[in-house]
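Here's a quick briefing on a single-chain model, sorted by topic. Have the viewer open and follow along.

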Amino acid sequence: MNSAPETLKLLADLGERLSAVLEKEFSALVEKNLDLLESLQSQKVELLSQIETSWQGFDAETGDEQDTLQEVRVLMADCKDKHIRNDLLLRRQMETVKNLLATLTSQSADQFGDVYNKLGRMKR
């Protein structure tokens with residue numbers, strides 16, 4: 001088990017790496033680079049798992065590292081904000097695509113909707 005200063009240093013490093021991945025994720029979303037976006041997901045999940053494991057083994061009440069602990073908490077809050085920003089952008093893009101598909105399918109349904117009758121036979 002790591003000491004409190006070592007754990008905080010590890011958490012700070014993991015937080016910085018997560019922040020960088022979230023920035024790359026945002027850029028990939030803006031550029032609509034799906035290949036890069038997909039590759040970043042595994043990195044993000046791995047970093048989140050490591051952060052969770054490190055937090056579980058850390059006792060925030062002990063130690064004289066309260067300033068460093070506060071810096072790590074601020075860094076994690078920043079990562080959370082970046083994640084929320086990325087999530088909102090992704091949801092907005094998905095909604096745009098969904099609306100576009102609905103528009104396209106309703107237009108094609110309007111064009112070809114009178115081809116069959118209620119029994120499924122071709123209209124004449």
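Of the 124 residues in the protein chain, 23% count as buried, where buried means under 20% relative accessible area, exposed means over 50% and partly exposed is in between, with a 1.4 Å probe and protein chains only. Keep in mind that this is a predicted model, in which local features need pLDDT of at least 70, side-chain atom pairs count only at pLDDT 80 or more, and totals for chains, interfaces and linings use all residues. Residues are numbered from 1 along each chain as its sequence is written, and side-chain values use heavy atoms, with hydrogens and water left out.

**Overall layout**

- The protein chain has 3 helices and 0 strands, where helices (H or I, at least four residues) and strands (E, at least two) are DSSP runs numbered from the N terminus.
- Reading from the N terminus, the order of elements is α-α-α.
- The accessible surface of the protein chain is about 9300 Å², and 55% of that belongs to carbon and sulfur atoms; these areas come from the Shrake-Rupley method with a 1.4 Å probe, and for residues only the protein chains shown count as cover.
- Among contacts (heavy atoms within 4.5 Å) in the protein chain with a separation of 6 or more, 67% are between residues 24 or more positions apart.

**Helix α1 and what follows**

- Helix α1 covers residues 4-31, and its 28 residues should span 40 Å at 1.5 Å a residue; the end C-alpha atoms are 40 Å apart, so the two agree. The expected span is 1.5 Å times one less than the number of residues.
- For background, most residues other than glycine have a negative phi.
- K32 counts as exposed because its relative accessibility is 59%.

**Salt bridges**

- The count comes to 7 salt bridges, each defined as a side-chain nitrogen of Lys or Arg within 4 Å of a carboxyl oxygen of Asp or Glu.
- As a general point, side chains of opposite charge can pair when their charged atoms come close.
- R17 and D13 form one of them, at 3.7 Å from N to O. They are 4 residues apart in helix α1, so about one helical turn separates them.
- In general, an α-helix has 3.6 residues a turn, so residues three or four places apart point the same way.
- R17 is partly exposed at 41% relative accessible area, and D13 is partly exposed at 38%.
- E23 and K82 meet in another salt bridge, at 3.3 Å from N to O. E23 lies in helix α1 and K82 in helix α3 (residues 66-112), so this pair ties together parts that are 59 residues apart in sequence.
- E23 is partly exposed at 31% relative accessibility, whereas K82 is buried at 13%.
- E23, D78, K82 and R85 are linked in a network of salt bridges.

**K44, a buried lysine**

- K44 is found in helix α2 (residues 34-56), and counts as buried because its relative accessible area is 9%.
- Which residue pairs with K44 in a salt bridge? The partner is E25, with the closest N and O atoms 2.8 Å apart.
- That pair links distant parts of the chain, with K44 in helix α2 and E25 in helix α1, 19 residues apart.
- Both K44 and E25 are buried.
- Leaving aside neighbours within four places in sequence, K44 is in contact with L18, V21, L22, E25 and H83.

**Rings and one longer distance**

- The charged end of R85 sits over the ring of F26, 4.0 Å from its centre; the rule asks for NZ of Lys or CZ of Arg within 6 Å of the ring centre and within 35 degrees of the ring normal.
- How many aromatic pairs are there? The count is 0, with rings of Phe, Tyr and Trp (its six-membered ring) pairing if their centres lie within 6.5 Å, and planes under 30 degrees apart counting as stacked, over 60 as edge-to-face and the rest as tilted.
- The C-alpha atoms of D13 and I51 are separated by 9.7 Å, with the two residues 38 apart along the chain.
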